[in-house]
Amino acid sequence: MESLNAITALQELDELRVKYTGKKGELTLLLRSLGKLPKELRKDAGQELNTLRDEIESKLEQTGRKIRDDENERQEKAQRIDVTLPAKGRTAGAFHPVMQTMHDIANIMQGLGYSVASGPEKEEEFYNFECLNMPSWHPARDMQDTFYFPDGTLLRTHTSPVQIRAMLQYGAPLRIVCPGKVYRRDNDPTHSPMFNQMEGLLVDKDVPFSVMKGTMTEMMNAFFGRSLKSRFRASYFPFTEPSMELDIECVECSGHDEHCRVCHGTGWLEVAGMGMVHPNVIRAGKIDPDKYNGFAFGIGLDRMAMLKYGISDLRLLFDGSVSYLLSGLGGEN
Amino acid sequence: MLVSWELLKDFIDLDVSPEEAAERLTFSGSEVEGITYTAGKMKGIVAARIDSLEIHPTERKYYIAQLDTGTGRHICITSATNMKAGDMVFYAGEGSTLPDGTVMGTRDFHGVESYGMMLSAEELGLHDVDDPSGLLILPKDAQPGDDAKNLYHIGDVILDVSITPNRGDLLSLIGMARELKGLYPKSLLKSPEWLRPLKQDKAWSEDFGTISLPDKGCYCYRLGLATGAKIGQSPLTAKIDLAHLGMRPITNAVDVTNYVMLMLGQPLHAFDLNTLPAREITVRAAHDGETMMTLDGKDRVLTERDMLITSGGEAVALAGVMGGEQTGINDDTSTIVIESACFSPVRVGHTSRRLGINSEAAFRFSRTVDPNLSSSALMAATTLMRDWCGATVDYKPLSAENEIYTPKPVKLTRRKLCTILSWDNMTEATEILEGFGIKHVEGEGDERTFLPPTCRPDIAIEEDLIEEVGRFRGYNDTPDKLPGELPRRADIGASMRLAGFIRQAMMARGYTEIVTYSFLPEDFPEKLRIPGDDIRSKTLTIANPISRDQMAMRTTLLPGLLSGLKAALASGRREPVRAFEQGKVFLKDDEHEHLEPEHVGALLYNGKDTRSASNDRAEGFYDLKADVCALIQARGYSPEFREGRQPFTHAGQTADILVEGKNIGWIARLKPAIEQELDAEGVYAFEIDISGLYDVKRNEFVPASQFPASYRDISLLVPADRSNDDVMKDIRASVAGSLALESLRLFDVYEGKGIPEGFRSLAYTLSYRSHERTLKDEEVEAVHNSVRESLKEKGYVIR
């Protein structure tokens, strides 16, 4: 048995096996010679020898397996590779912050029961302005400098025309959001001639302001992944009455840094405009404003994305530069 | 709009700080965007009397002044020349601080010490108020030792308030005072001296004919007369007030009109009576095509929506928008006619928007000016002509009126109040509305009627009243709630669902998502060599672009993808570029119908540096093809690729992409000439219209066979111009009899040694399999042989 433990090569093991349990092995010969023993001794001796043979065979088997395993391991080690060499093939792509924001918020809003509606980007004056209480002479038009086409149509200046289109298409009650590109004749570090908005509209019976408030708070908390303080300020939009703007607690400094580059020390960030839908607008959607009311909101998706991902220049978002979007990812292939 | 806290005190007694009022205004709808303390860092600057003046003993350009500050005498040197002994000036002594933070010391002027300095208006932080090269000489009422901060509104607090377009009534100090009165009900409104009624009953000393208003867009038109005016400077405080409120002081007569407009909100215009073409005024609609030259020297072409103020048939002003060139006040004017009128906001809005003139007057009229303001504003203006210009003003104004807007009563019900605000105290609501000047005229219970003042035409429906209550109370104490039962299942929608799938798929395959502008340079189709008969050359063009580079709506996503590549290369990127974009393109179809199909496009470029430890950097057409296939196959469709042509792609490496027999786009290497322009070799791209992929195609479920397949290979000699697709079709068509071909796969393409010129060898593996049993070798062999025979008959050479 001791000699077994010392064995390291399969060949030696085979020699041992031949020596004891082989055809001419010592044990085999002993077993064969049992017949020569007196009958009364034969049984006990037979039992003893068989047990011994089983024991030796199992030990031989175990040792053999160990030797083979050791040998395999040696070979595998010889085939060692450097696991830190670069991965083959392509690295993963990266998302565009605004598109990610758009899909994230649409998903959040779906959870609150809002479906996604859409409308054309080349829009008619009628839907973009007139139905929304903004006739051509209206001073509120100054806030939305517009790109026109020679035929008098325009690039929508907000996603609000979808309010009208959705009401005309689906009627009341209604819950929709509409994400998409919008265009204004502005170009400076804080304005891009193309940007992205998400419109929301809820029309139902006896809708209170508190539901709009709850909806906006819930959306912001879900998007930023934590509970944020928010505040509502009275404001004005021609298509809502009353109208408000929503400020959320600064996502960068929570109001603790008076030199904060995001909120400039105010502690608050303006993120959305909203209000109870003006009865004229409900009427333009062919819904009876005496039976139904509702609220609408508009969020700047680019601004939300910039806040979430810490981007400071809006115009960087639309120059198509891949490197910019990739920075922060590990791979460079 | 800029609001002066000092001037506000003339109109309201308010017991709060400017900062507190700013916060209240911001939350109630008029956002205060900034607060400026006009004195800045000013400290220790006082009024001083020049007791004596003498010329510097050696440097003749300097004067040495002895100053009396009430508490002491100081020597101070100046190079200014506009003062004389006995004048009062502002003196910044040693240790005092200027508004910009400069701390005063002593300075040696060629042997004479000057202790601090005497100040010009500019040095006090007052721009445009006085000659910047001379000292600011103070009126005689100043006392030596008075702190400059407390004099002439120098130390004012200016609120920069953003006024929403519905609140034209807030574009004045008196309007802001009324708003603050509503927000702080305990405060008291009051009137400055110059706003008190003035006895004006004398007939005009000058002949004047009639005022006629044939255009109903002029609600009323009044003229006041001031005679014997002396044109000069306005009082110092008034000049400082104007400067603080963002207006350059000009002359006293012009300043009066600006001042009254800023205080009361009524735009005014002052004419020199002697330059009026005739002694009559007519306000009429312009004729289509009529022209006039406005004050800014521009010739304006008018339409009949515009209104003109004419005199003797000659246009003297574009009503409510801008004056004409000839009739203004000049230094010799002595007889002044002041116009105070009210015009339709719709008409002025049209004119100012169309002509792009956003004058102070047009800004106010298009936001509605109280029609009842014209009389009192005219009286105030004439009062100030008397006070500032020494004019005689007790003449009865001339007036003409059309129909004037009168406010309509508006009902407030407890039910609606409660629905919207979740609050229903009608008594409190009534008090709040009264505070804003909205009169409770009828009803004591759950339904009450209110009459808004003439300055608030924005209050027209019940919701407007509720907003007044809401903004007074603030919105932040209302509890948060979520909407109740769903009207229907919420659906993210086919378009957004597909967009979400595509972006995830493309990002997983290593592409970065980009978003580029929908408008492109006008000549982008030319740059891409797109011919005139191609739908993509017929671009929709913006009539009023910001620049020519953002003018034509994109008809393809390729330019955006290329701009991404250019940006990457310009930034010095050497690694591969893989980008994709999804979005609309803008097309006109044959019937000139506008279409906005959703496209997805992607670009693959190996990068300038293709060295790689794993030698896997060189990707090309077939790698990109795998990405297209993955996108389309995941929607349940099998894409087909056919050799094709695109104006901007490689003539030998371009394919059309077909789904269900319909051409949905292209995949290609770009034209080498375009690659050269980009200085990038090997740029591959695809672009597809995804509108056919919204719904995932429903395919039949096929269970896996339980029986093994039999594989046979076949190698064919094929003319080089015969496509793999065609060969595979021939192979498939050659399988006849009972056995089905389970799959057919090309595993080798070879041309070169051993293959005749103009041919290539294509090797395929065919798998036969049954769903019912294990196939016997002999039957597979028989079928495969018949395939070989059939291919031979079709002219193929089997290797």
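Reply: Happy to! One term to start with: a residue is called buried under 20% relative accessible area, exposed over 50%, and partly exposed in between, using a 1.4 Å probe and protein chains only. This is a predicted model, where local features need pLDDT of at least 70 and side-chain atom pairs count only at pLDDT 80 or more, while totals for chains, interfaces and linings use all residues. Residues are numbered from 1 along each chain as its sequence is written, chains are lettered from A and ligands numbered from 1 in the order in which they are written, and side-chain values use heavy atoms, with hydrogens and water left out.

Me: Thanks! Is Tyr711(B) buried or exposed?

Reply: Tyr711(B) is exposed, because its relative accessible area is 52%. This tyrosine sits in strand β39 (residues 710-719) of chain B. Helices (H or I, at least four residues) and strands (E, at least two) are DSSP runs, numbered from the N terminus.

Me: And what is Tyr711(B) in contact with, leaving aside neighbours within four places in sequence?

Reply: Tyr711(B) has contacts with Thr765(B), Leu766(B), Ser767(B) and Arg769(B), once neighbours within four places in sequence are set aside. Contact means heavy atoms within 4.5 Å. As for Tyr694(B), this residue is 17 residues from Tyr711(B) in sequence and 38 Å away in space, C-alpha to C-alpha.

Me: What domains is chain B divided into?

Reply: Chain B has domain 1 (2-38 + 157-190), domain 2 (43-150), domain 3 (211-401), domain 4 (410-473), domain 5 (494-693) and domain 6 (710-798). Those bounds come from an automatic or database domain assignment. Between the C-alpha centres of domain 3 and domain 4 of chain B there are 36 Å.

Me: What about chain A, which domains does it have?

Reply: Chain A is assigned domain 1 (2-78) and domain 2 (97-328). Their centres, taken over C-alpha atoms, are separated by 84 Å.

Me: Switching to pockets: how much space lies in the second largest pocket?

Reply: The second largest pocket holds about 1000 Å³. On a 1 Å grid over the protein atoms alone, a pocket is an open set of points where a 1.4 Å probe fits, with protein on both sides within 12 Å along at least five of seven lines, and lining residues have an atom within 4 Å of a point. Grid points are joined across faces, edges and corners, and the volume is the space filled by probe spheres set on the points.

Me: Which residues lie nearest the centre of the second largest pocket?

Reply: Tyr622(B), Lys625(B), Phe641(B), Ser723(B) and Asn724(B) lie nearest the centre, out of 28 lining residues. Several elements give two or more residues to this lining, including α15 (621-633) and α17 (724-734) of chain B. The largest share, 6 residues, comes from α17(B). Domain 5 (494-693) and domain 6 (710-798) of chain B each supply at least three residues.

Me: How many of the lining residues are nonpolar, polar and charged?

Reply: The lining divides into 11 nonpolar, 5 polar and 12 charged residues. Here Ala, Val, Leu, Ile, Met, Phe, Trp, Tyr, Cys and Pro count as nonpolar, Asp, Glu, Lys and Arg as charged, and the others, Gly among them, as polar.

Me: Back to chain A. How do β6(A) and β7(A) pair?

Reply: β6(A) and β7 (residues 240-249) of chain A are antiparallel, with 7 bridges. Two strands pair if DSSP finds at least two bridges between them. A hairpin of 2 residues joins β6(A) to β7(A), and Phe232(A) has Leu246(A) in β7(A) as its bridge partner. Of the 8 residues in β6(A) (230-237), 7 are buried.
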